[in-house]
There are 2 protein chains.
Amino acid sequence: MAEELILLDEWLSMYGMRARIALAEKEIKYEYREEDLDNKTQLLLQMNPIHKKIPVLIHNGKPICESIIIVEYVDELWKDKPSFLPSDPYQRSQARFWADFVNKKIGDAGWKIWAGKREGIEEAKKEFVEALKELEKELGDKPYFGGDSFGFVDIALISFSTWFYTYEALGNFKVEAECPKIIAWAKRCSQRESVSKSLADEKEVYEFVVGYRKSNHLD
Amino acid sequence: MAEELILLDEWLSMYGMRARIALAEKEIKYEYREEDLDNKTQLLLQMNPIHKKIPVLIHNGKPICESIIIVEYVDELWKDKPSFLPSDPYQRSQARFWADFVNKKIGDAGWKIWAGKREGIEEAKKEFVEALKELEKELGDKPYFGGDSFGFVDIALISFSTWFYTYEALGNFKVEAECPKIIAWAKRCSQRESVSKSLADEKEVYEFVVGYRKSNHLD
């Protein structure tokens, strides 16, 4: 059967980037469709009626929503390339724990920095740095969160690295000064083609955020 | 090797109940340890330093945290009993989607009902009912969310059913009037010993909440 694979996405989305990296790691061809989130397509609303969010992977007409679930789906379906999750159940549980941690802590604090009111940024920055330090501790001296190989937690976190520049500019801090190992890890990940071709440009992220903050009177 | 399995839990917790049901479904023996959340044990703080929350499953000294991750760990480790997740990757992604939906929508709205200020309850009740109606639509006429067999989404949601009585009393509504199929499903689930012996008593939940609201001046 001819496979039809469409990714509804938005280029700057750290969640969308996860799906792109996962598909690139597995060397899967798909049709990329950019969504305008101010004017969502009928297809997006129909494929993700619950959350109405990107990314949505549509596989032979059937939707998979939520970025981490997409990554796991891609991992489970295309098994000819190395798995993102380790095979040992305990190690799998730990990878899931840290991916969930990225969603809950980095995603949340990051959002409060870039899309929150100016007066809340200092507090959000503290939360962000605290969470990133926990991740740095978990990374330790390993090349990747998955150990010697790029895996599930790496995919979950690396998409945020292209937003660091924006967080730093708004929060007036440097990730490298706080978490040097995370920066070294991010550079290591960016050497992979799957990552470099899937990440948005950090300056474009910043320009988008400046415009967003202006039109939403956040400063 | 002798397996050592300890569950740090709190009897009224809907998240803890998920772990208990999963272990009971797999017929796994473990040591249950009730935590006093106002006075957490050193063991809990040491085993879950990040979130400091129950449930934590400690398997041969190593912790697994976050209820859904515990359920998946139990499912992956003990494979001699029927799996909670379907084998088909697409069906698995859908089960994960709905379990995540329960966490995000039912967990959140339920919390705003029982632990939120009185003036927010009406709005939280609307969110709760809306989310439960989505779940009822997803359930359709199937006996379980997993189809003919009790599975992942059933475990994720059933623990909330013992809190329905409390939500109803505080929100002045009846789940059965809004979502009759969910009530029929909950009764069906409760006929399983794994569920009936793992769920707290609804009146005890209510008494706890009344005390909690009083001491936190929520009414």
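Okay, let's start in chain A: domain 1 of chain A and domain 2 of chain A bury about 1,800 Å² between them, 67% of it on carbon and sulfur atoms. By buried area I mean the accessible area, taken with a 1.4 Å probe, that two parts lose on being put together, summed over both. The size of an interface is often given that way, as the accessible area lost when the parts come together. And who supplies it? A:Leu12, A:Met14 and A:Ile21 give 34% of the area that domain 1 of chain A buries against domain 2 of chain A, more than any other three residues.

Quick housekeeping. This is a predicted model, so local features need pLDDT of at least 70 and side-chain atom pairs count only at pLDDT 80 or more, while totals for chains, interfaces and linings use all residues. Residues are numbered from 1 along each chain as its sequence is written, chains are lettered from A and ligands numbered from 1 in the order in which they are written, and side-chain values use heavy atoms, with hydrogens and water left out.

Back to those two domains. Domain 1 of chain A runs 5-77 and domain 2 of chain A runs 89-215; bounds like these come from an automatic or database domain assignment. Their C-alpha centres lie 20 Å apart. In terms of contact (heavy atoms within 4.5 Å), 14 residues of domain 1 of chain A meet 26 residues of domain 2 of chain A.

The rule finds 2 salt bridges across it, a salt bridge being a side-chain nitrogen of Lys or Arg within 4 Å of a carboxyl oxygen of Asp or Glu. A:Arg96 forms a salt bridge with A:Glu72, and the closest N and O atoms there are 2.7 Å apart. There are also 8 residue pairs in polar contact across the interface of domain 1 of chain A and domain 2 of chain A, both residues at pLDDT 80 or more. A polar contact is a pair of N or O atoms within 3.5 Å; within protein, one must be able to donate a hydrogen and the other to accept it, and residues adjacent in sequence count only if both atoms are side-chain atoms.

Which elements give two or more residues to the side of domain 1 of chain A that touches domain 2 of chain A? They are helix H1 (14-25) and helix H3 (67-77) of chain A. The largest share, 9 residues, comes from H1(A). Helices here are DSSP runs of H or I, at least four residues, and strands are runs of E, at least two, numbered from the N terminus.

The peptide bond from A:Ile54 to A:Pro55 is cis, with omega near -5 degrees, and A:Pro55 sits in the loop between helix H2 (42-47) and strand E3 (56-59) of chain A. In chain B, the bond from B:Ile54 to B:Pro55 is cis as well, with omega near -5 degrees.

Then two asparagines with positive phi. A:Asn60 has phi near 50 degrees and lies in the loop between E3 and strand E4 (62-65) of chain A. A:Asn172 has phi of about 55 degrees, and its loop is between helix H7 (164-171) and helix H8 (175-178) of chain A. Buried or exposed? A:Asn172 counts as exposed because its relative accessibility is 70%, whereas A:Asn60, at 30%, is partly exposed. The cut-offs are under 20% relative accessible area for buried, over 50% for exposed and in between for partly exposed, with a 1.4 Å probe and protein chains only.
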